[in-house]
Amino acid sequence: MTEWKPDIASRRGRRYLAIADALADDIKNGLVRPGDRLPTHRELAYQMGLSVSTVSKAYAEAVRRQLILSEVGRGTFVMPNAWTDLSRIGVDSRQIERVDMAFNCPVPTPMLIEAMSGALKMISSSDRIDELMHYHRPWIGLPAHRAAAASWIEKRGMRTSPENILITNGAQHAHAIILASLLEPNQIVATDELTDPGIKFLTANRSLQLKGLAMDRDGMLPDALEAACRTMKVKALITVPNHHSPTLTIMPVERRKAIAEVAIRYGVTIIEDDVYGPFIENPPPALSSFAPDQSFYFTSLSKCISAGLRIGFLAAPPGRVEELIPGLGATTWMVSMVPAEIATLWIRDGSAERLVAWQRQELARRQKLARQILTGFEYRSLPSSLHIWLPLPDTWRAEGFVAQARSRGLAVTPAEAFVVGHVASPQAIRISLGGATPSRTELQRGLEIVADLLRERPAATYLVL
């Protein structure tokens, strides 16, 4: 356990917020590291002379900020890679000069600015402005927006209809809506043994039990899901069959069918995150298409077109979209209709497909650059993926590699950030090639740092006497 005691003497305001602020600063300053176990609520309260309820509120605030994760029976731990998350919450002068290859987002393009300018002009000259601004409108989205979303989703391999669509503020919001609407605290949610940190945060925030299931190169193992369902009450399954992050698996059709069959047999709700699906030109059928009556499928434009266009599309099983209204109301009431209108215009006139095609081409060029610089090293990639997955040589551990990269001005993500539960973390890193590194010159510099480190032997970091 880390001997951490926050200094809040000079901080103003409520003490629980002061504790959370002190924790954030100590993480940024390296005084507390990702993976460190913090004192229990009662221990910290005793050390600081505060009530347990004050410390509990402070830890709850830290969970909300994605700084820590609490696990029943284990304790409270600093979130993996919390320092990079913090740099995006506010401006950190130490982060400004860093090459950011830790964050997946689309590459900026002048095409996007042109398309955005054109869409805003069309909206400003249309007779729909009042409808877009009106307070009294369907929470789940306007009919035109839901129709456009349905057509976009069908191109991704999932048949649906406008009446089953709910418009969201991106994929993370879709996750939050489903979890808040359909699940109760302490229920079990199964997912891959390596999964997106956002999923870990959302399930922890809802006090859900996240169960990681074994994978192979084709994705989640059906036998692992079957075994979990036999031994515990699995309420839902979160799956990312396309461009899985971090492993980049594209689940074969037969595997999708097998997973769906297990879910049907045990009545498990399927939550399919297809945020990377648009990068596949001829996608396989969605996993949800094999269990349509119990599957909630969603995708967004935030990863494939623009991170700033926070718009997503959620397809519910037939006749069940209204079950999601409690989660929608608990998170945002309703999505802003202006981004939804922009997305609708782009889908209708083909701009959305052209922008995605440009991303595929640019990512292919970036993947080629990575192959040139990382020649001789084995890693996993896809022609249009936003990142690569790089197992490290035996001489390196991921924690040390990430620290050395950081000391040279490069941010990458360790495998530990994706691990669910207590399984051993692979000694690997995820290297993002997308828009967090806007220029190819900057990208080349970051990849060369990675290549240099891979050729080196790590320095000793511990001396025990």
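Mentor: One term before we start: angles of 65 to 115 degrees between axes count as roughly perpendicular. Also keep in mind that this is a predicted model.

Trainee: OK, so at what angle do helix 14 and helix 15 cross?
Mentor: The axes of helix 14 (residues 337–349) and helix 15 (residues 351–373) cross at roughly 85 degrees and come within 5 Å. Helix 14 and helix 15 are therefore roughly perpendicular to each other.

Trainee: Which residues in helix 14 and helix 15 meet?
Mentor: From helix 14 you have W346, I347 and D349, and they meet S351, A352, R354 and L355 in helix 15. Sorted by class, that contact has four nonpolar, one polar and two charged residues.

Trainee: What about helix 9 and helix 10, at what angle do they cross?
Mentor: Helix 9 (residues 171–182) and helix 10 (residues 197–205) cross at roughly 30 degrees, and their axes come within 10 Å. That makes helix 9 roughly parallel to helix 10. Their crossing is right-handed.

Trainee: And which residues make that contact?
Mentor: Helix 9 brings Q172, H175, A176 and L179, while helix 10 brings G198, I199, L202 and T203. By class, the contact of helix 9 with helix 10 has four nonpolar, four polar and no charged residues.

Trainee: One more pair: how do helix 2 and helix 3 pack?
Mentor: Helix 2 (residues 41–48) and helix 3 (residues 52–64) pack at an angle of about 120 degrees, with axes 8 Å apart. They are therefore oblique to each other. This crossing is right-handed. H41, R42, L44 and A45 in helix 2 meet V52, V55, S56 and Y59 in helix 3. Those contact residues divide into five nonpolar, two polar and one charged.

Trainee: Switching topic. Which residues in the largest nonpolar core touch the most other members?
Mentor: That core has 65 residues, and L301, I305, I311, F313 and W346 touch the most other members. Take I311: leaving out residues up to four places away in sequence, I311 touches I167, T168, N169, G170, S300, L301, S302, V335, P339, A340 and A343. Another core, of 27 residues, lies apart from the largest one and includes M101, V450, L453 and L454.

Trainee: Why would nonpolar side chains end up together?
Mentor: In soluble globular proteins, nonpolar side chains tend to be buried together.

Trainee: Now H145, is that buried or exposed?
Mentor: H145 is buried, with a relative accessible area of 1%. H145 sits in helix 8 (residues 143–155). Not counting residues up to four places away in sequence, H145 touches R128, L132, I167, M337, A340, E341 and T344.

Trainee: How far apart are M122 and L345?
Mentor: In sequence they are 223 residues apart, but in space they are 8.9 Å apart, C-alpha to C-alpha. M122 is in helix 6 (residues 110–124) and counts as partly exposed at 46% relative accessibility.

How values were computed. Residues are numbered from 1 along each chain as its sequence is written. This is a predicted model: local features need pLDDT of at least 70, side-chain atom pairs count only at pLDDT 80 or more; totals for chains, interfaces and linings use all residues. Side-chain values use heavy atoms; hydrogens and water are left out. Axes are lines fitted to C-alpha atoms, for helices over the stretch in contact, and angles run from 0 to 180 degrees between N-to-C directions. Helices (H or I, at least four residues) and strands (E, at least two) are DSSP runs, numbered from the N terminus. Angles under 35 degrees count as roughly parallel, over 145 as roughly antiparallel, 65 to 115 as roughly perpendicular and the rest as oblique. A crossing is left-handed if the near helix is turned anticlockwise from the far one by less than a right angle, and right-handed if clockwise. Contact means heavy atoms within 4.5 Å. Ala, Val, Leu, Ile, Met, Phe, Trp, Tyr, Cys and Pro count as nonpolar, Asp, Glu, Lys and Arg as charged, and the others, Gly among them, as polar. A nonpolar core is a set of buried Ala, Val, Leu, Ile, Met, Phe, Trp, Tyr and Cys residues joined through side-chain atoms within 4.5 Å. Buried means under 20% relative accessible area, exposed over 50%, partly exposed in between (1.4 Å probe, protein chains only).
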